[in-house]
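Please look over the sequence and the model first; the text then takes up selected residues in turn.

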Amino acid sequence: MKKIMNEPDTLIADELQGFAKIYSRQVKLADSVTAVVRAVPKSAGKVKLVMGNGGGHEPAVIGWVGEGMFDCDIVGDLFSAPSGEKMFQAIEEIDDKSPVLLCIQNHAGDVINGNIAWKKAVKHGIDIRKVLFYDDIASAPREENEERRGIAGMLFYAKIVGAMAEAGASIEECAEMFERVRDNTRTYAAAYSSCTHPGTGLKMFEYLENNDLMEMGMGVHGEGGGDNRIPMPKAGRLAELMADALIQDKPYRPGESLLILVNGTGAATAMELNILYNELEKTFRSKGFEIAGCRVGNFLTTQELAGVSVSICSVDDTMKELWERPCDCPLWVQK
């Protein structure tokens, strides 16, 4: 294994120290726990967006902290959710009597520890609401959508709900918009080469090595897509496969206005992502959809995993206007 690092047990601390120095205008480290918070907090009384996630998926979610998006991201060990106690400590540290929207990605550890943090916060008198995000169409049938994993489509709620909270919307309004965005979002991922766990030096999986296969439906921790392996397709064909799967799942209807997110999972080049987006936009337009906006790049990664996820969200005029509002985070600066 070749990775620039010191020791496995200091990976997260070393990274966060560097990150906070690089982006000191926008973020800083929390005093009491391993967490990234806004360098300049919101005005008291405005809803704070808080999340916890395992390390190793950067820039998620530390790069999403800042004006117009998250207020705090609590970081766990490598690929492991932060403990409920750690999450509560971070929430308590930033508590200024403002409401808190605790955003939980639908993975077992995140849910368990998020619930622990929420219960402790309620017990201590913090005005907190928890919400659950799921968007991965490959991880459970449409009829069981609450069993689906939460992956890169969360960027949509981070930006749209973050803009609402920045403007002073109530906790009830923010929670309602979160659920609207979640219910309008679908994500489908694919991978074509593995990555190495920096703590153990082991490959996350081996079955895509030394062949021309792509796994459709790959999860962020190397979870397979149900042996849904196909020969590596051309970009145009891949766009068709992913667009069709996403459209049919909700289903989305021609005439709807879509946000599109093309997320690289670590090793996919900018060239590849740009080519895929071009094919996706052509495909969605040919099927009668309007394109309200897009983001393309590495937003939620798993080390050097070679792959991509495509997320779409159907938006109305209000959601589109919130998407276009300013934000100022390490990952995304929009004036």
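## Salt bridges and their surroundings

Asp96 counts as partly exposed because its relative accessibility is 29%; the term covers the range between buried, under 20% relative accessible area, and exposed, over 50%, with a 1.4 Å probe and protein chains only. The structure is a predicted model, in which local features need pLDDT of at least 70 and side-chain atom pairs count only at pLDDT 80 or more, while totals for chains, interfaces and linings use all residues. Residues are numbered from 1 along each chain as its sequence is written, and side-chain values use heavy atoms, with hydrogens and water left out.

The side chain of Asp96 meets that of Lys48 in a salt bridge, at 3.5 Å from N to O. A salt bridge is defined here as a side-chain nitrogen of Lys or Arg within 4 Å of a carboxyl oxygen of Asp or Glu. This pair links distant parts of the chain, 48 residues apart: Asp96 is in the loop between helix 2 (84–94) and strand 5 (100–105), and Lys48 is in strand 3. Helices (H or I, at least four residues) and strands (E, at least two) are DSSP runs, numbered from the N terminus. Lys48 has 5% relative accessibility and therefore counts as buried.

Across the whole structure, a search finds 20 salt bridges. One of them joins Asp71 to Lys42, with the closest N and O atoms 2.5 Å apart. Here too distant parts of the chain are linked, 29 residues apart: Asp71 belongs to the loop between strand 3 (48–55) and strand 4 (72–78), and Lys42 to the loop between strand 2 (35–38) and strand 3. Both Asp71 and Lys42 are buried. These two residues also take part in a network of salt bridges that links Arg38, Lys42, Asp71 and Glu166.

A further salt bridge connects Glu240 with Arg237, the closest N and O atoms being 3.3 Å apart. Glu240 and Arg237 are separated by about one helical turn, because they are three residues apart in helix 6 (residues 235–249). Glu240 is partly exposed, with a relative accessible area of 37%, and Arg237 is partly exposed at 45%.

| Asp71 | Lys42 | 2.5 Å |

## Aromatic pairs

How many aromatic pairs does a search of the whole structure find? The search finds eight. Rings of Phe, Tyr and Trp (its six-membered ring) pair if their centres lie within 6.5 Å; planes under 30 degrees apart count as stacked, over 60 as edge-to-face and the rest as tilted. Phe133 and Phe178 form an edge-to-face pair, with 6.2 Å from centre to centre and 80 degrees between the planes. Phe133 lies in strand 6 and Phe178 in helix 5 (residues 171–183), so their pair ties together parts that are 45 residues apart in sequence. Phe133 and Phe178 are both buried.

The pair of Trp323 and Trp332 is edge-to-face because the ring centres are 5.1 Å apart and the planes stand at 65 degrees. Trp323 counts as buried at 4% relative accessibility, and Trp332 counts as buried at 1%. Ring pairs also link Phe70, Phe133, Tyr157 and Phe178 into a cluster.

## Backbone features in loops

Most residues other than glycine have a negative phi, and most peptide bonds are trans. The peptide bond from Glu58 to Pro59 is cis, with omega near 15 degrees, and the bond from Ala60 to Val61 is cis, with omega near -10 degrees. Pro59 is found in the loop between strand 3 and strand 4, and Val61 is likewise in the loop between strand 3 and strand 4.

Asn210 has a positive phi, near 60 degrees, and is found in the loop between strand 7 and strand 8. At 84% relative accessibility, Asn210 counts as exposed. Gln303 also has a positive phi, near 55 degrees. Gln303 is placed in the loop between strand 11 (290–297) and strand 12 (306–314), and is partly exposed with a relative accessible area of 22%.
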